[in-house]
Amino acid sequence: MADNKFKEFFQLGEVGNYFVRVFKKPDPNQKSNFNLRMMHGINKISILVFLAALIIWIVRRLM
């Protein structure tokens, strides 16, 4: 019972699953078009820039 609660606590939810889906390799069996690939590429760049800015901000606040 406690193990089940532990797994439920660390579930990613919709937002976490989106991040996992964006950064994994695309499924070759699923149809994809140019617009969808570009959207995911832009999202990858924006997520990485946001995380870099967040890290820089935290480092500057601590110093």
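Which residues make the nonpolar surface patch of about 1000 Å²? In this predicted model, the patch is formed by Val 15, Phe 19, Phe 23, Leu 48, Phe 50, Leu 51, Leu 54, Trp 57, Ile 58 and Leu 62. Two elements each give two or more residues to this nonpolar patch, namely helix H2, which spans residues 13-23, and helix H3, which spans residues 34-62. The largest share comes from H3, which supplies seven residues to the patch.

Leu 51, one of the patch residues, is placed in helix H3. Its relative accessible area is 39%, and Leu 51 is therefore classed as partly exposed, a term that covers values between the limit of under 20% for buried residues and that of over 50% for exposed ones.

As to the fold as a whole, the chain contains three helices and zero strands, and its elements, read from the N terminus on, follow the order α-α-α. Of the 63 residues in the chain, buried residues make up 6%. The accessible surface of the chain amounts to about 6400 Å², and 66% of this surface belongs to carbon and sulfur atoms.

Empty space was examined as well, since rolling a probe the size of a water molecule over the atoms shows where such space is left. The largest pocket has a volume of about 430 Å³. It is lined by 14 residues, among which Arg 21, Pro 26, Asp 27, Leu 36 and His 40 are the closest to the centre of the pocket. H2 and H3 are the elements that give two or more residues to this lining, and H3 gives the most, with five residues. When the lining residues are sorted by class, seven are charged, four are polar and three are nonpolar.

How values were computed:
Residues numbered from 1 in each chain as written. Predicted model: local features only at pLDDT ≥ 70, side-chain atom pairs only at ≥ 80, totals over all residues. Heavy atoms only, no water. Patch = residues over 30% accessible without salt bridge, like charges linked within 9 Å, V, L, I, M, F, W, Y side chains within 5 Å. Areas by Shrake-Rupley, 256 points an atom, 1.4 Å probe, with all protein chains shown as cover. Salt bridge = Lys/Arg side-chain N within 4 Å of Asp/Glu carboxyl O. Helix = DSSP H or I, 4+ residues; strand = E, 2+ residues; numbered from the N terminus. Buried < 20%, exposed > 50% of the residue type's maximum accessible area, 1.4 Å probe, protein only. 1 Å grid on protein atoms, 1.4 Å probe; cavity = no way out; pocket = protein on both sides within 12 Å on 5 of 7 lines; lining within 4 Å. Points joined across faces, edges and corners; volume = space filled by probe spheres on them. Nonpolar A, V, L, I, M, F, W, Y, C, P; charged D, E, K, R; others polar.
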